[in-house]
Amino acid sequence: MEKDVAYSEHVVGVCPEEFLPLVAEFDRIHREGQDSNAELCVYVDGEERVRLRSAGRLPDQLQNVRSVSKALLSVVTHALHERGEINIDRPIAETWPEFAAAGKASLTLATFLSHQAGLIGVDRQLSVDDVLEWDPAVEALAAQRPYWEPGTDHGYHDLTFGWGVGEFLRRATGKRVDELFRDEFREPLGAEVRIGIDDLTRFAPFRQTRPAGTGTAADILHLLGDKSSLLSRSQRNPNLISVENSLRYLGAEVPGCNAVSSARALARIFAATIGPVDGTRLWSEETLLRASRLQRRGTDRVFVRERAYSLGFMLPDHNLPQAGLAVDSFGHYGQDCALVFAVPGDNLAFAYTTIQLNRRLDQYTRTDDRADRLGRLAVEAARRLVRIRAQARSRRACPL
């Protein structure tokens, strides 16, 4: 492993010359106060090409990656489906009989993964303790009637995504989500990602900031305040923000939003979905094509903004563009703290994590685009390198 280099007073890491625009941008957002404790990693052709971190961030630091947890859960789900250990096209109720209640007997895991199940929340009022204890939350989900006919529309499944997919996998495999992460990520890839940690020794808590001159979308505040809205039902039953940095929360299993990891681990995992990494590949080409294929695009019934979903992943849209609308990527955001995506056509995987929360509602208002800018620069640099190499081969083949 190459030794870290200090590129500025704010940035350390390893970055080859062709990716230096990433260093410049990473340094800029630190100098301007947009970040102070972040990490970035890029894989190309199955190899780690870039790793950068804030000068004050420890090399092995871990953090909550919020909803990137859903993408990790989806990676595992597709790997298990490929091996025939589960079948995402069969009704969930065949594995979880109680789930058949309230007209859900034919609802498949594939429909759930694409945020089309109509189960964006539950009517039963849940406490923080209910969520951390697991059973009360999944029982409420099993009893819930969908808010729309499954398969006819889409809306972001937040906490419910982790409950539904996590409970299905537990019943199908006999393993909890962290045991699956051990088997699929930690042991074969050495990629540290966990659901439920024992201590906070290497964990960095979130730090909220309020940059001057930024506002919040009034319509989002209205929806959050309206307890009958789908957004409020999805985000505030219960509201877990107050316990996010606690061991009580981080030690529990909330697989829709409390995975603990790093940018290097996330990039490594996504690189292994599109090609081999040190001899390990998580998905076949067939699985990759299906997992990343668009299932639904349009106005999300929860956020009332455009969203595009595949089977368990976000695809680029005008509000959350990843590396850009012209880039054929799949991945996931963790609200205001993380972005991971892969670009199969470029054999590239990118991940960014930070503990500096600039906007509580950035996922709705698109005011915080730190990760998007860095992701776009990573793809541009990789494509520029391909062109340079192609030109060099051409010159060697056709000397003057």
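Which residues in α11 are buried? Ala263, Ala265, Leu266, Ala267, Arg268, Ile269, Phe270, Ala271, Ala272, Thr273 and Ile274 are, where buried means under 20% relative accessible area, exposed means over 50%, and partly exposed lies in between (1.4 Å probe, protein chains only). Before going on, note that this is a predicted model, in which local features need pLDDT of at least 70 and side-chain atom pairs count only at pLDDT 80 or more, while totals for chains, interfaces and linings use all residues. Residues are numbered from 1 along each chain as its sequence is written, and side-chain values use heavy atoms, with hydrogens and water left out.

Let us stay with that helix for a moment. Helices (H or I, at least four residues) and strands (E, at least two) are DSSP runs, numbered from the N terminus. Helix α11 is mostly covered, with 11 of its 12 residues buried. From its first C-alpha to its last, α11 reaches 17 Å, close to the 16 Å expected at 1.5 Å a residue; the expected span is 1.5 Å times one less than the number of residues.

A nonpolar core is a set of buried Ala, Val, Leu, Ile, Met, Phe, Trp, Tyr and Cys residues joined through side-chain atoms within 4.5 Å. The largest one has 89 residues, and Phe112, Trp163, Ile269 and Phe270 have the most contacts inside it. Helix α11 (residues 263-274) supplies the largest share of this core, nine residues. Take Ile269: setting aside neighbours within four places in sequence, Ile269 is in contact (heavy atoms within 4.5 Å) with Leu72, Val75, Phe185, Leu189, Ala191, Val193 and Leu282. Another core, of 38 residues, lies apart from the largest one and includes Cys15, Phe19, Val302 and Ala323.

Now turn to the strands. Six of the eight residues of strand β4 (residues 47-54) are buried, so β4 is largely enclosed by the rest of the structure. Two strands pair if DSSP finds at least two bridges between them. Strand β2 (residues 11-14) runs antiparallel to β4, joined by four bridges, and Val14 stands opposite Arg51 in β4. Strand β3 (residues 38-44) also pairs with β4 in the antiparallel sense, over six bridges; here Glu39 has Arg53 as its bridge partner. A hairpin is formed by β3 and β4 with two residues between them, and Asp45 in the turn has a positive phi of about 55°.

Asp158 sits in the loop between α5 (135-143) and α6 (159-173), and because its relative accessibility is 11%, Asp158 counts as buried. Its C-alpha is separated by 7.7 Å from that of Ser67, 91 residues apart along the chain. Not counting residues up to four places away in sequence, Asp158 touches Ser67, Lys70, Ser234, Gln235 and Gly256.

What does the side chain of Asp158 make with the side chain of Lys70? The two make a polar contact at 2.9 Å, and another, of 3.0 Å, joins the side chains of Asp158 and Gln235. Such a contact is a pair of N or O atoms within 3.5 Å; within protein, one must be able to donate a hydrogen and the other to accept it, and residues adjacent in sequence count only if both atoms are side-chain atoms.

Finally, the cysteines. The structure holds zero disulfides, a disulfide being a pair of cysteine sulfur atoms within 2.5 Å. For Cys41, the nearest cysteine sulfur is that of Cys15, 11 Å away; Cys41 is buried, with a relative accessible area of 0%.
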